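Here is a briefing on one protein model. It covers helices, strands, side-chain contacts and backbone geometry.

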Amino acid sequence: MKFPSTLATWLSGLDGSRLTRVLDLRKDAASSPEPRSMGELADRLQRPASVALVLPRLTLPCLQAAEALAALGARATRDSLAELLGSTSPAAVPALDATLEALSDRALVWDDGYGALRMAAPLRQAWSTPLGLDAPLEELLAGTTSEELRGMLAVLGVKPPGTKQQRLAALVEHHSDAERVAALVAGAPAATRKLLEQNARSTPHQPPFVVFGAPDPDLRPGARWALDRGLLLQDRHRYGSLRMPVEVALAVRGSDWHAPFDPLPPVTQLVPVASSEVEREAAAAATAFAAHAASVLSVCATAPPTRLKSGGIGARELARLGKAAQADDAVVRIALETAQAAGLLARDGDRVPPTEAYDAWAEQEPAEQLAVLLRAWRDLPLTPTRARDEDDKALPALAGAPDCDGCLQARHGLLTAAAGLPAEQGVKVASELGPLVAWHRPLADDASPQDTALFSTVIREGELLGVLARGALSPLGAHLAAHADEELDTTLRRLLPRAATTARIGADLTAVVTGTPSARLAALLDSMADRETSGTASVWRFSAGSIRRALDTGRTPDDITADLTAGSATPLPQPLTYLIADTARRHGRVRIAPAACVIHGEDPALLAELAAHRALAKLTLRQLAPTVLVSGSPPATALAALRAAGYAPVAETAGGTVRIEKRLPQRAAAAVPPPRRNAGRLRPPTTATRASDMPTGTASLADRLLKAPPVSPEPDPFGSGVPFATDTEEIVAGYANHLSYSDVRQVAHAIDTGAAITIEYIATSGNRTVRTLSDLELDPPYLDAWCHLREAERVFSLSRIHGVMPA
């Protein structure tokens, strides 16, 4: 069903400001390339994908009015909608008009110029049974014969017209009169009245299957009377339940029944709150979160968190980060998710280290750092602090879950609901914002099943970030709701103190930093002391172990003293200088040297000769005692070198006894089986790349590889002439005999990028199965992967993969 011409006519009649408002609310349809005509714009506005983007952002009354319009169908008018919603009184008219205007501003509902309200087809299809009502009578009677229509009219006492179309129109006109239908039902047998009332109040049930030519099922008592008069209908080709047209259902429900319509938001208990109090509390919360987030990311930079094999950062790593940064689990999760969304963290193998952008971010002031994280939080397609699933199992962070538009709408609904509160007032209890969020965003996702109050998780996130304070929206939240990024930066610089560059070091061997420490100061104190608390004030404690940690990095006692003096607001206390000097005096009294083998003997002169022998220089011998030498070469190499120089050494076991050398008879290696099909595409080594000619040492090998000319990859084995893009493709093609070139490329791409794929696999039993795999690792001729069907790691043979599909 198409309406572009009608919508295009309606759009053409709008003035410039109204059309601009429509385009602002539907940026998805007005984006580049710009539409060339109103018809093209109307077509874009009514595409299912475009409507699906707008639907989650509608308020509760807009969804209720749209559902009522979908139930009324093509005969919907302003008056019939008002009657169905119970909004016919003068006091209710403005609310309904505002709701219809909000829908028309989004080009979802419009007046066709003839008194009827039209709606976009994808919006009408959003409800299979709007208001629990079935399809209109005209639609349900589409397959009825003319003779059956004549029989229904005759039983109703209506003279049947001549054609089928006229008879259908006469029956629709009769049943459209609610009073006439109500009177007809009132005179029906008791069993029929009971059946009709049950069907009118229940949601219609569509039969799950169709049986052609099957006999009619046993009818319920009273059904025949209703079927003869068209009050209930049954497809003669369908084995299923009876269906009641929407006109009949509304008449049976009665004139006192109205569809739900809540044009006003829920009433909440408000209390006066000064804007200065909101600002002060928001500043304290934002300052604490900024300090904790900086600490969490600093810990990630020092020791990047390890990912689970199934994906994400598990509870153990989250606890480690929280303990090191002195932050709660919720703060750690928000910091990680927002940092990844802002590009400050990224997956690298099985770890999640910071990116290069983090280094620049860490040098910024706390206000600038928090602005980046707040903007990322506003647009996160998930609820970061959701820690449990529906089965109360722990959820990892950074798990890469699919985007959740409902979670995003919950956050936007919170900002909208709080922004709608009266000035200088806030809710008495923060949880009372939940019903307001549900009214502003009915399709939002209440993230955590364990929450006892609506949207308490996202409300708690807003309080942690300083977006909400004292039950009201803070200036930070107002700027986020308005997408005013420049104003957000300005307000943050006004509310948050600058980073502290000095600490107060006391005689109790503690360093206290008020506010957020600068990146340089935090790094200095982290390297020389252990952090005890973080937040609005951070505390570090010096100990012998922490000073030794600084000495282990190569710093001298003078360097440590000078750096701490530069970062301290007061002179260094005497206990700290004594601690540094005492730890440095005991540092390095025992040394550990690397050695691959030990050479010892009873003759000091012989050992001195070995240490000075030029032919043994490659062993890097070092004399630790008159009768003890150590070497960086393994025992076998040292043994061979000494014998080649004319000496007669013997080898020892780890227990100190002489090791008896036995020469095993040499045998030829087992024959190498011929390669599989396509495996021979790999080039054999040339004379220059034989093992005997390979240079020794990794540095020489790396230098040779860097200077080697590039070698073009072999073309694919399927005759297309397209070369393999990577070595992975060439290896996979050598073993995956049943895959096309495009499938080989999909598998190789998934291996190289860590993406998920779905494969068609033939097991050793011969059964064909379809598996979705992720975290693929190539181990020719096998493929190690995480199997989503079994929820465990599995090994798959490349030769048994017969097809590949996107996950």
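Buried means under 20% relative accessible area, exposed means over 50%, and partly exposed lies in between (1.4 Å probe, protein chains only). By that rule aspartate 105 counts as buried, because its relative accessibility is 7%. The model is predicted, so local features need pLDDT of at least 70 and side-chain atom pairs count only at pLDDT 80 or more, while totals for chains, interfaces and linings use all residues. Residues are numbered from 1 along each chain as its sequence is written, and side-chain values use heavy atoms, with hydrogens and water left out.

- Helices (H or I, at least four residues) and strands (E, at least two) are DSSP runs, numbered from the N terminus.
- Helix α8 covers residues 93-105, and its end C-alpha atoms are 18 Å apart.
- The buried residues of α8 include Leu96, Leu100, Leu103 and Asp105.
- Alanine 107 follows α8 and has a positive phi, near 55°.
- The structure holds 28 salt bridges. A salt bridge is a side-chain nitrogen of Lys or Arg within 4 Å of a carboxyl oxygen of Asp or Glu.
- One of them joins the side chains of aspartate 105 and arginine 21, at 3.4 Å from N to O.
- This pair links distant parts of the chain: aspartate 105 is in helix α8 and arginine 21 in helix α2 (residues 16-25), 84 residues apart.
- Arginine 21 counts as partly exposed, because its relative accessibility is 35%.

**Other salt bridges**

- Arginine 541 and glutamate 532 meet through their side chains in a salt bridge, at 2.7 Å from N to O.
- Arginine 541 is partly exposed, with a relative accessible area of 33%. Glutamate 532 is also partly exposed, with a relative accessible area of 33%.
- Arginine 585 forms a salt bridge with aspartate 582, and the closest N and O atoms are 2.4 Å apart.
- Both of these residues lie in helix α30 (residues 574-586), 3 residues apart, about one turn of the helix.
- An α-helix has 3.6 residues a turn, so residues three or four places apart point the same way.
- Arginine 585 counts as exposed at 55% relative accessibility, whereas aspartate 582 counts as partly exposed at 29%.

**A four-stranded sheet**

- An open sheet of 4 strands runs in the order β7-β8-β10-β9, with antiparallel pairing. Two strands pair if DSSP finds at least two bridges between them.
- β7 (504-505) and β9 (530-533) stand at the edges with a single partner strand each, so one side of each is left without a neighbour in the sheet.
- β7 is joined by 2 bridges to the antiparallel strand β8 (residues 510-514).
- Isoleucine 505 stands opposite alanine 511 in β8.

**Aromatic pairs**

- The structure holds 2 aromatic pairs. Rings of Phe, Tyr and Trp (its six-membered ring) pair if their centres lie within 6.5 Å; planes under 30 degrees apart count as stacked, over 60 as edge-to-face and the rest as tilted.
- Tyrosine 761 and phenylalanine 796 form an edge-to-face pair, because their ring centres are 5.1 Å apart and their planes stand at 85°.
- The pair links distant parts of the chain: tyrosine 761 is in strand β14 (residues 757-762) and phenylalanine 796 in strand β17 (residues 792-797), 35 residues apart.
- Tyrosine 761 and phenylalanine 796 are both buried.

**Backbone exceptions**

- Most residues other than glycine have a negative phi, and most peptide bonds are trans.
- The peptide bond from proline 780 to proline 781 is cis, with omega near 5°. Proline 781 is in the loop between β15 (768-779) and β16 (782-787).
- Glutamine 326 has a positive phi, near 55°. Its loop lies between α18 (315-325) and α19 (329-341).
- Glutamate 424 has a positive phi, near 60°. Its loop lies between α22 (405-419) and β4 (425-427).
- Glutamine 326 is partly exposed, with a relative accessible area of 32%. Glutamate 424 counts as partly exposed at 46% relative accessibility.

Notes. Expected span 1.5 Å × (residues − 1).
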